[in-house]
Amino acid sequence: MLVNLHVKNFAIIDEADIDFGEHLNILTGETGAGKSILVGSISIALGARVSPDMIGKRGDHAMVEAVFQIEDKHTLEKIRMLDIDPEDNQVVIARKITESRSVNKINGESVPVSTIKKVAALCIDIHGQHEHQSLLREERHREIVDEFGGKKSEELLTEVGELYRQYIRKKREVEKESVSSEERERQLAFLTYEKEEIESVALKQGEIESLEERHRRVSHAGEIVDALSEIHQLSTEVTGGALSQSLRRLQEIQSLDSTLDGFARQLMEVESLLGDFNRDVSGFMQDFSFDESELREIEQRLDGIRTLQSKYGETYEQIMAHREEAEQKIQKYMDFEAYQENLKKEFDEISARLQEKSEALSEHRKKCAHTLEKQITSALEDLNFAHVDFAIEVREKGQLGADGKDVVEFMIATNPGEPRRSLGKVASGGELSRIMLAIKSVFADSDEIETLIFDEIDTGISGRTAQKVSEKMSLLGKKHQIICITHLAQIAAMADRHFAIEKSVGEAASTTRIRPLDESESLKELARLLGGMEITDAVMENAREMKKLAAEFAQKDEKKETQKKIT
């Protein structure tokens, strides 16, 4: 869960340090107090792009840091697969934003933004207006059904995706090999010429390197002999002159100091090594011979090989690989009808397997959709969709793809007697937020993401509907850490931990701060949400009653959970 958020010099937040708790964390504040800025700072910590304009007035950079405590072992495994090692199961994401760039770190080590996004996606899920709008896309409907399908859906999707890629590759191969007999004859003649040209050179492995070495030696033979002659003469002069004289003088004084024995031995070794060197050089020059015909022979051979290199590859391996490929194509064109028949057979087999797996995926989707449809309907009824008629349609899209053959669409009618229509044509913004909440409540037991943030979940709702939403949020908070920004007292009353977002206006600038509220402060904030600026005794009493009802609901739910465990 998100245990701490630290924000510094971001927009109108000078500095904020927030310790979030388990279950339901509620943030409330006046309109314009900076609630959207807080959500924005969390999004930036999770890898969202940020404009330098958001850097505050207290320095040349902004800093956002989010600390997560991860308890789910599967989430920890996935994070470790990204080369992040959570120390004591903790992940610290920090981003420093300057005018020119951002510095991104996880647990103190610099990482690209892409890694932050991947890690954040495993830790936290933000649901704002944008996420609710994703329900308007049919593709998202399919993803939700497949997520509900669990491991089996994942396995079938993987198999279908791999078969589809094989299908596309084989289809392109079939289309590519649809050539006329004239073109086939032309290709056969050209490939035969290439194969025979390579074979006529009879290149051996290692021959290129060997010939190049011989060519360097023979073409520079005069230079080599002249240099060695000079070297031999100089080293002979050293051996017979200064070195021999030095050794004699050392032997004359050797008996005067035992330390000189070591010097004498070293000088004798040098004399011996130099003598061996002179003999080896002399022997090499005596054996070294070449003639112009050898040089011409090497150059002619290299010319033939370089012709191959210019056409088929620099190395022996590349040239031989080209010959082998040409040979395979020749065999293919010589018996082209059999080749095409075999190719079509392979294509048909892959097509059949893709169709079979897509059908299995479709059947599994339909079963999952039927079960999910019932559960979402029940959750929607809990959220005061009194006469909702919700269905998940799974129908064929007319062609196979990497995700199978289905189009999945959420259909809904919110009033009795109305026909079901596509979600995007019926639901308002407020209804979309409640539908997303219903979906999340269905997934609560299986969703591995520990922290959910809800922004604008209360768009367009009030009264009894708001109460239903608050109850559903409370229930969801039993299974996840929830961070919810709201302006509704019914939702705020359910808070396990309540924060106030406050803006102060100064002469130079406005600033926002976030602070936790104690029980009495939370009660006053509820009264403000209920009564506005004027908080009367009646409004305070109403707030107390709302808080009491929220506590009773939580106790009732706790008893239900305990009873479930017993039974």
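Buried means under 20% relative accessible area, exposed means over 50%, and partly exposed lies in between. Lys329, at 31% relative accessibility, therefore counts as partly exposed. The model is predicted.

Start with the sheet. Six strands make up an open sheet, and their order is E2-E1-E4-E5-E6-E7. The pairing is antiparallel. Strands E2 (13-19) and E7 (109-110) stand at the edges. Each has a single partner strand, so one side of each is left without a neighbour in the sheet. Strand E1 (residues 2-10) runs antiparallel to E2, and six bridges join the two. Within this pairing, His6 stands opposite Asp17 in E2.

Strand E1 also holds Asn9. Asn9 is not a glycine, yet its phi is positive, at about 55°. Its relative accessible area is 4%, so Asn9 is buried. Asp88 lies in the loop between helix H2 (73-80) and strand E5 (90-97). At 65% relative accessibility, Asp88 is exposed.

Now take Asn104, in strand E6 (residues 102-106). Asn104 is buried, with a relative accessible area of 7%. Its side chain makes a polar contact of 3.4 Å with the side chain of Ser102. Beyond four places in sequence, the contacts of Asn104 include Ala94, Arg95, Glu109 and Ile116.

Helix H1 (residues 35-45) carries Ser41. The relative accessible area of Ser41 is 0%, so this residue is buried. The Ser41 side chain reaches the backbone oxygen of Leu38 at 2.6 Å. Not counting residues up to four places away in sequence, Ser41 touches Leu5, Val7, Phe10 and Val64.

Helix H7 comes next. H7 covers residues 181-201, 21 residues in total. Its span from first C-alpha to last is 31 Å, close to the 30 Å expected at 1.5 Å a residue. The buried residues of H7 include Leu188, Leu191, Ile198 and Val201. What do the buried residues of H7 pack against? They pack against helix H11 (292-312), helix H12 (316-334) and helix H13 (336-382). Just after H7, Ala202 takes a positive phi of about 55°.

Salt bridges complete the tour. The whole structure has 35 of them. One joins Asp146 to Arg365, with the closest N and O atoms 2.9 Å apart. Asp146 lies in helix H5 (residues 138-148) and Arg365 in helix H13, so the pair ties together parts that are 219 residues apart in sequence. Both Asp146 and Arg365 are buried.

Another salt bridge is local. Lys329 and Glu325 meet at 3.3 Å, N to O. The two residues are four apart in helix H12, so about one helical turn separates them. Glu325, like Lys329, is partly exposed. The relative accessible area of Glu325 is 40%.

A further salt bridge joins the side chains of Lys405 and Glu396, at 3.2 Å from N to O. Are its ends buried or exposed? Lys405 is buried, at 6% relative accessibility, whereas Glu396 is exposed, at 57%.

Note on methods. Residues numbered from 1 in each chain as written. Predicted model: local features only at pLDDT ≥ 70, side-chain atom pairs only at ≥ 80, totals over all residues. Heavy atoms only, no water. Buried < 20%, exposed > 50% of the residue type's maximum accessible area, 1.4 Å probe, protein only. Polar contact = N/O pair within 3.5 Å; in protein donor to acceptor, adjacent residues only side chain to side chain. Contact = heavy atoms within 4.5 Å. Pairing = 2+ DSSP bridges. Expected span 1.5 Å × (residues − 1). Salt bridge = Lys/Arg side-chain N within 4 Å of Asp/Glu carboxyl O.
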